[in-house]
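Colleague: I have a model open and want to learn how to read it. Can you take me through a few features?

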Amino acid sequence: MAFVPSLAIIGLVLCLHGAQAVGSAENNLGLKLFVQSSGEHQQPQNYYQNFAPYRPRFAEAKYAPEQFRTGYGNVVTSQAAFVQAINNRSTTWKAAVNPKRNDQYRAGVLSDESMKFQLPQGFVLKLHEDPLPASFDARQKWSYCPSMNMVRSQGCCDSSFAVAAVSTMTDRWCVHSEGKAQFNFGAYDVLSCCHRCGFGCDGGVPSAVWNYWVESGITSGGPFGSNECCQSYPFDVCKKAGDAAEAPRCLRVCQPGYNVTYAEDKHYGRVAYMVPKDEERIMYEVFNFGPAQATFTMYTDFVQYHSGVYRHTLGLRVGMHSVKVMGWGEENNVKFWLCANSWGAQWGEGGFFKIVRGEDHLGFESNVVAGLPFFR
């Protein structure tokens, strides 16, 4: 069954002033968290200081001219020719020329060797369980959560590690309050003040963002230029090729006109964990507790995605990218995950896309993180 994504709502932001007590759906559920910890799972330290040489190498490798190399020894001279080469080989998805230059579609997760901090593995159980359906779309189950249809844009910043995280937290805040609380978590606070999360606009680690949510809380944020909530997202699209944004300074104040202090605006997570590398366990997590964040290896052909079920076909490795998992289904006998990207509503299927499910394709199912909100 093919999914047709609903209309993406851009710029709809709901900010809950202060930390208000609300009736949480968890009050009526029996929840148990099983956490597996080991010596490999330590609290995050300021270990990024040891990766000073990484930043320039990462920056130079991101969007070099070889983005139109097919990976098979051939070089094509235009985006249109690259799209044709993909479509000649792909059987499950279609590529298309994008409305923006390719260098305007940024990734944002530190590479494998730099992802030293991982959350403990764990999962949450319900006392009364419903069977998992053959297809699922979180936007339909929790239609009272407007954030489910919002498509964020990370702009000229390699910030998917932060943008996908706060988007997922926003959805879960609504889900676990049964729609009574709408709070739009913003990436500004993470990019500027969470120094353990990574390099700001040069990438970061999703697990560290979720740990920051639990330990330090995250403020609200609106889209670029909106002046909404505590701290609006500071980055628009790149103005010219080679543009690179710098993370904003950590200013622990909300913008003028927002009558809540930075400390009061902080909203917290109760627990964060890595979802086990298991297709059904990920489905169970998303179906019962809301969208989750997944990270996978990104190749240049992914930027050209237009429709269908993405499977890497051509192109070179760009880095690692983080997205929000919204559901699952099957299309033309190919199982898929339904996901929200952070490249605006003009990309893909209204800002959403589908990727092969059940094969740990590009490491997708090995890197899923989630958490539960803390209501005061």
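Colleague: How many salt bridges does the count come to?

Modeller: Keep in mind that this model is predicted. The count comes to 13 salt bridges.

Colleague: Let's take one pair. What do the side chains of E279 and K335 form?

Modeller: They meet in a salt bridge, with N to O at 3.0 Å. That passes, because the cut-off is within 4 Å.

Colleague: Which parts does that pair tie together?

Modeller: Find each residue's element. E279 lies in helix α8, residues 279-289. K335 lies in strand β9, residues 334-340.

Colleague: Is E279 buried or exposed?

Modeller: Check the relative accessible area. For E279 the value is 18%. Buried means under 20%, so E279 is buried. K335 has 32% relative accessibility and counts as partly exposed.

Colleague: Which residues are linked with E279 in a network of salt bridges?

Modeller: K335 and R357. Salt bridges link E279 to both in that network.

Colleague: Now another pair. Which residue forms a salt bridge with E359?

Modeller: R311 does. Their closest N and O atoms are 2.9 Å apart. This pair links distant parts of the chain, 48 residues apart. E359 sits in the loop between β10 (352-356) and β11 (368-374). R311 sits in the loop between β7 (305-310) and β8 (317-331).

Colleague: What is the relative accessible area of E359?

Modeller: The value is 45%, and E359 is partly exposed. R311 is also partly exposed, at 28% relative accessibility.

Colleague: And E349 with K354: are both buried or exposed?

Modeller: Both are buried. Their side chains meet in a salt bridge, at 2.7 Å from N to O.

Colleague: What is phi of N332?

Modeller: Near 55 degrees, a positive value in a residue other than glycine. N332 lies in the loop between β8 and β9. N332 is exposed, with a relative accessible area of 69%.

Colleague: What about phi of D360?

Modeller: D360 has a positive phi too, of about 50 degrees. D360 is not a glycine either.

Colleague: Where is D360 found?

Modeller: In the loop between β10 and β11.

Technical notes:
Residues are numbered from 1 along each chain as its sequence is written. This is a predicted model: local features need pLDDT of at least 70, side-chain atom pairs count only at pLDDT 80 or more; totals for chains, interfaces and linings use all residues. Side-chain values use heavy atoms; hydrogens and water are left out. Helices (H or I, at least four residues) and strands (E, at least two) are DSSP runs, numbered from the N terminus. Buried means under 20% relative accessible area, exposed over 50%, partly exposed in between (1.4 Å probe, protein chains only).
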